[in-house]
Amino acid sequence: MKINNPWLQISSEDYEHHMSAPNVGQLQMLDEIFENVLNEFSPGSIAVLGCTAGNGFQHLVNRELERVVGIDINFKYLAECRAWFVQDIVNLQLICADLNEIELSGSIFDLIHAALIFEYVNAEKLLEKIFGWLKPDGILSVVLQLSSEKSEPVSDTPYQALKLLSSFMHLADVKEFKEKAYAIGFSEDREPEIKTIGGKNFIEMYFKK
Ligand SMILES: C[S@@+](CC[C@H](N)C(=O)[O-])C[C@H]1O[C@@H](n2cnc3c(N)ncnc32)[C@H](O)[C@@H]1O
């Protein structure tokens, strides 16, 4: 794990305050997207990549899930996630790991949710790993931030630690991202949706193994 990864220097308080600031609004958007994904696909087993402190995990409570895995590089986020949800989410497993390095064995997930994480990792390598981790016909749900000439990738808020991400994040080109996914063997499962919030555009995409 790279100890100079800027995500290790951002407290969950700063992250959550930044993401829910009125000019950002992404925490709420991501929470809603996750709820819709769960309702739509009703997975029996799920992995959430870059799960933070469990944004949206309240939608996993009272669901019948044989496996729930959250992966994040920031141990403190996971400790909070555990404190919030371990009592209420059956079969919750939290793994502190760098997604560029982690290997998991078996094709074990019905759904892998990857919202605003491809900006920080080697997308092609992670797509290959996800393909291996999904069961046949499993679904990958992806949220990507789209580049914009009008706004900086990281919005201005009083939470300066988030600025560390500006030079670290890479916004994906959607066409290239799809091509990589198809080359690995994914097919597109439904029409992507574009969401606009805080002057930024995001795309929600679904791929089937
Ligand atoms: C923008 S947040 C993700 C938002 C979250 N998925 C949601 O729906 O609310 C990015 C998360 O990815 C984690 N992360 C960044 N790079 C990572 C890496 N290489 N491996 C694992 N987690 C990483 C960060 O610690 C952070 O929690």
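Predicted model: local features only at pLDDT ≥ 70, side-chain atom pairs only at ≥ 80, totals over all residues.
Visitor: How far apart in space are Q160 and Y15, C-alpha to C-alpha?
Guide: Y15 is one of the buried residues of α1, whereas Q160 is exposed. The two are 145 residues apart in sequence, and their C-alpha to C-alpha separation in space is 10.0 Å.

Visitor: Against which helix do the buried residues of α1 pack?
Guide: In α1 the buried residues are Y15, H18 and M19. Seen down the axis of α1, they fall within an arc of 90°, so they line one face of the helix. The element against which these buried residues pack is α2.

Visitor: Within what arc do the buried residues of α3 fall, seen down its axis?
Guide: The buried residues in α3 are Y77, L78 and C81, and what covers them includes α1 (12-20), β2 and β3. Seen down the axis of α3, these buried residues line one face of the helix, because they fall within an arc of 95°.

Visitor: Which elements give two or more residues to the shell around the ligand?
Guide: The ligand is surrounded by 20 residues, the closest being W7, L30, G50, N55 and I73. By class, this shell has 12 nonpolar, 6 polar and 2 charged residues. The elements that give two or more residues to the shell are α2 (26-41) and β2.

Visitor: What is the phi of N62, and where does N62 lie?
Guide: Most residues other than glycine have a negative phi. N62, although not a glycine, has a positive phi, and with 10 C-beta neighbours inside 10 Å it counts as exposed. N62 is placed in the loop between β1 (45-49) and β2 (67-72), and its phi is about 65°.

Visitor: In which loop is N91 found?
Guide: N91 is not a glycine, yet it has a positive phi of about 65°. With 12 C-beta neighbours inside 10 Å, N91 counts as exposed, since that class takes in residues with 12 or fewer. N91 is found in the loop between α3 (75-85) and β3 (92-96).

Notes: Residues numbered from 1 in each chain as written. Helix = DSSP H or I, 4+ residues; strand = E, 2+ residues; numbered from the N terminus. Buried ≥ 20, exposed ≤ 12 C-beta atoms within 10 Å, placed from the backbone. Arc of directions from axis to C-beta. Contact = placed C-beta atoms within 7 Å. Near = placed C-beta within 6 Å. Nonpolar A, V, L, I, M, F, W, Y, C, P; charged D, E, K, R; others polar.
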